[in-house]
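Thank you all for coming. I would like to walk you through one model this morning, so please have a look at the screen before I go on.

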Amino acid sequence: MQNLNLINSTKMKYDYFCPTCLSPITVNNNIVLTIQRQSGESGIIFLDTTPGNYSKIKHSSFKTDKNELMKIFCPVCHKDLLCLPDKNLARLYMKDSDGDNLTVLFSVKYGEESTYIVKDKEIQSKYGKDSEDVDFESLSLCK
Ligand SMILES: [Zn+2]
């Protein structure tokens with residue numbers, strides 16, 4: 001008989017949704033997004049669903065520069081996910097295994113590691129070496 005709690009904690013599942021069309025955009029533990037370079041070149045990127053895991057998968061022919069500002073779009077409705085332009089943060093909705101509805105803000109600067117999980121305008125947790133103290137309550141998040 002295996003320990004059920006251990007199984008649950010090691011198989012923590014996160015489900016991500018577009019904040020505009022509410023389509024689920026998680027496939028096999030990857031967040032699927034369309035990204036676009038300054039040059040206009042577009043590609044598909046897979047991000048790990050676990051907050052704080054910054055491994056990403058993309059086609060080898062799609063090159064990006066470190067610290068390049070990317071445009072990030074929903075792959076379903078193609079809405080630009082940028083939410084706080086001053087902070088270079090894009091937004092997704094996320095449901096964790098507890099069923100909590102959360103807002104995830106993450107950097108659109110390629111290679112920058114900052115992720116904020118926000119619930120009711122307050123930071124619940126933040127991840128990444130580049131994250132800072134941001135008072136989201138004083139900022140007007142995009143609608
Ligand atoms: Zn969408």
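In what order do the elements of the protein chain run from the N terminus on? The order is α-β-β-β-β-β-β-β-β-β-β-β, that is, 1 helix and 11 strands. Please keep in mind throughout that this is a predicted model.

The average pLDDT of the protein chain is 90, and 92% of the residues score at least 70. Among the elements, strand 6 has the highest mean pLDDT, at 98, whereas helix 1, residues 4-10, has the lowest, at 49. Where pLDDT is low, the predicted coordinates should not be read in detail.

Turning to the overall dimensions, the C-alpha atoms of the protein chain fill a box of roughly 55 × 40 × 30 Å along the principal axes. If we consider the contacts with a separation of 6 or more, 42% of them are between residues 24 or more positions apart.

Is strand 10 largely enclosed or largely open? Because 4 of its 5 residues are buried, strand 10 is largely enclosed by the rest of the structure. On one side of the pairing, strand 9, residues 101-107, runs antiparallel to strand 10 and is joined to it by 4 bridges; strand 11, residues 122-127, is also antiparallel to strand 10, with 5 bridges between them. I117 shows both pairings, as it stands opposite V104 and has S125 in strand 11 as a bridge partner. Strands 10 and 11 form a hairpin with 2 residues between them, and in that turn D120 has a positive phi of about 50°.

For contrast, let me finish with a loop residue, D65, which lies between strand 5, residues 56-58, and strand 6, residues 71-73. Is D65 buried or exposed? With 11 other C-beta atoms within 10 Å, D65 is exposed, given that the cut-off for exposed is 12 or fewer. The C-alpha atom of D65 is separated by 28 Å from that of Y14, which is 51 residues away along the chain.

Conventions:
Residues are numbered from 1 along each chain as its sequence is written. This is a predicted model: local features need pLDDT of at least 70, side-chain atom pairs count only at pLDDT 80 or more; totals for chains, interfaces and linings use all residues. Two residues are in contact if their C-beta atoms, placed from the backbone, lie within 7 Å. A residue is buried if 20 or more other C-beta atoms lie within 10 Å of its own, exposed if 12 or fewer, and partly exposed in between; C-beta atoms are placed from the backbone. Two strands pair if DSSP finds at least two bridges between them. pLDDT is the predictor's confidence in each residue, from 0 to 100.
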